[in-house]
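Me: I have a new model open and want to get my bearings. Can you walk me through it?
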Amino acid sequence: MVEHDSGTLRTVAWAEVFPWLGLTRAFRIAIAVRMLLFGAVALLITLLGWGALGVLFGTDQPATDWLQPFTVCPWRAATAGVPDLDQLAAMPTDRACLPGAPCCNLLAPAAPWTLLSSPALEGLKRTGFSWHGVLSILLSGLWGVMVWAFFGAAMCRTAAVQLAAHEQLGVMASLRFAAKKWPAYCAAPLLPVGGILLAAVPVAILGFLTKANVGLLLAGLLWPLALVAGLFMTMLLAGLLFGWPLMWSAISVEGTDGFDALSRSYAYLFQRPLNYLFYIVVAGVIGAIGWILVQYFAAGVIWMTAWAAGWGGAVVADPNTAGRLGLKLVHFWTGCVKLLAVGYLFSYFWTASVGIYFLLRRDVDAVEMDEVELDADQDEPEFELPKVATDSQGAPETEDDEPQA
């Protein structure tokens, strides 16, 4: 008798049934040492630049007061995200956190987006015109774009290769890619900003005319055109605020230019907004759990070191110059551990952004998630085919062939 297959289901490819489960790999990629270093260094450079702009423009005016935390101590602002172990039991509102970022552990994965979007968010809060406010916001946003167009690009490229090709990308290879594509990374988010400013100028002129009665009448007649410009600016702004992480991801995955990355991010965002929201929620839950682990681990490292050192004796009550220098060094190295832990928030942010880009590209363009543009390794030696010649009898031979005796 012929045995018929019962059709029993033995295995289920859950990654194919629920492709968003691939976002769980983002945590493992994000806690790599180089990813943490990239995130920590980029965060510190960003805050130092914003602190310098705060000193340049001053923070005693409402238009520039948002730079105050970075002006006081950028190092403290960067390391405030990891309190000491005895402070972790405090309420979320009592904890120190990144300026302008949510302190609650469950909202911590949103801290990179909130912090890096702060120049744009501050610009939206300002209704009156002030040269100090406009220049400080524009320069702060430009500085953030320039810094993260390099370090964020390196992290996105590393994550893209690992998520798609399951290959380890070298540190120098990721930095070379970021340096090569740096103009594209910078241009992608600046293009919609330029469009918003171009659309805002005529409306601003129309608003200036409203100071006179005749100008107010003219504004009333032209207000439908102003509303059309407002619709255009709203579309650009919504795509920029919610889609700028996808721009970096598109360049890292496709190896494309800034304009193509802009068009892809806007298309994926507006064609699959609910999918995008769902992926953000999933990535946020995974990131929050990972942040709790990283936060407690870093605090545990600091506490265990102090606990072991405490067995050797108490700190000198009245240290001299050398003692004070030693205490500063201890606090510095402790801050380095905290800064490295905070770097996880940014490394995970960029890694999860790349994973979400893969999912949205699959939903919209039906492209498999293992497709990524791979550049040839510049360090790999190039091999050429041997040159072919003919012997005295017309038979083909290579130039490297030795003549037979």
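Predicted model: local features only at pLDDT ≥ 70, side-chain atom pairs only at ≥ 80, totals over all residues.

Me: Okay. What percentage of the residues is buried?
Reply: Buried residues make up 40% of the 405 in the chain.

Me: And how many helices and strands are there?
Reply: There are 14 helices and two strands.

Me: Which helices supply at least two residues each?
Reply: Helix 10, residues 182-209, and helix 11, residues 213-254. Helix 11 gives the most, with five residues.

Me: Where does Phe-208 lie?
Reply: Phe-208 lies in helix 10.

Me: Is Phe-208 buried or exposed?
Reply: Exposed. Its relative accessibility is 55%, and the cut-off for exposed is over 50%, so Phe-208 counts as exposed.

Me: New topic. At what angle do helix 3 and helix 14 pack?
Reply: At about 105 degrees, with their axes 7 Å apart. Helix 3 spans residues 33-57, and helix 14 spans residues 321-365.

Me: Why are those two called roughly perpendicular?
Reply: Angles from 65 to 115 degrees count as roughly perpendicular. The helix 3 and helix 14 angle is about 105 degrees, so the pair gets that label.

Me: Which residues make the contact?
Reply: From helix 3, they are Met-35, Leu-36, Leu-37, Gly-39, Ala-40, Leu-43 and Leu-44. Helix 14 brings Leu-339, Leu-340, Val-342, Gly-343, Tyr-344, Phe-346, Ser-347 and Thr-351.

Me: Now backbone angles. What is phi of His-166?
Reply: Near 55 degrees. That is a positive value in a residue other than glycine. His-166 lies in the loop between helix 8 (131-165) and helix 9 (171-180). At 59% relative accessibility, His-166 counts as exposed.

Me: What about phi of Ala-366?
Reply: Phi of Ala-366 is near 55 degrees, again a positive value in a non-glycine residue.

Me: Where does Ala-366 lie?
Reply: In the loop between helix 14 and strand 1 (388-390). Ala-366 counts as exposed, at 61% relative accessibility.

Me: Last one. Among contacts between residues at least 6 apart in sequence, what percentage joins residues at least 24 apart?
Reply: In this chain, 76% of them do.

Methods:
Residues numbered from 1 in each chain as written. Heavy atoms only, no water. Helix = DSSP H or I, 4+ residues; strand = E, 2+ residues; numbered from the N terminus. Buried < 20%, exposed > 50% of the residue type's maximum accessible area, 1.4 Å probe, protein only. Axes fitted to C-alpha atoms, helices over the stretch in contact; angles between N-to-C directions. Parallel < 35°, antiparallel > 145°, perpendicular 65-115°, else oblique. Contact = heavy atoms within 4.5 Å.
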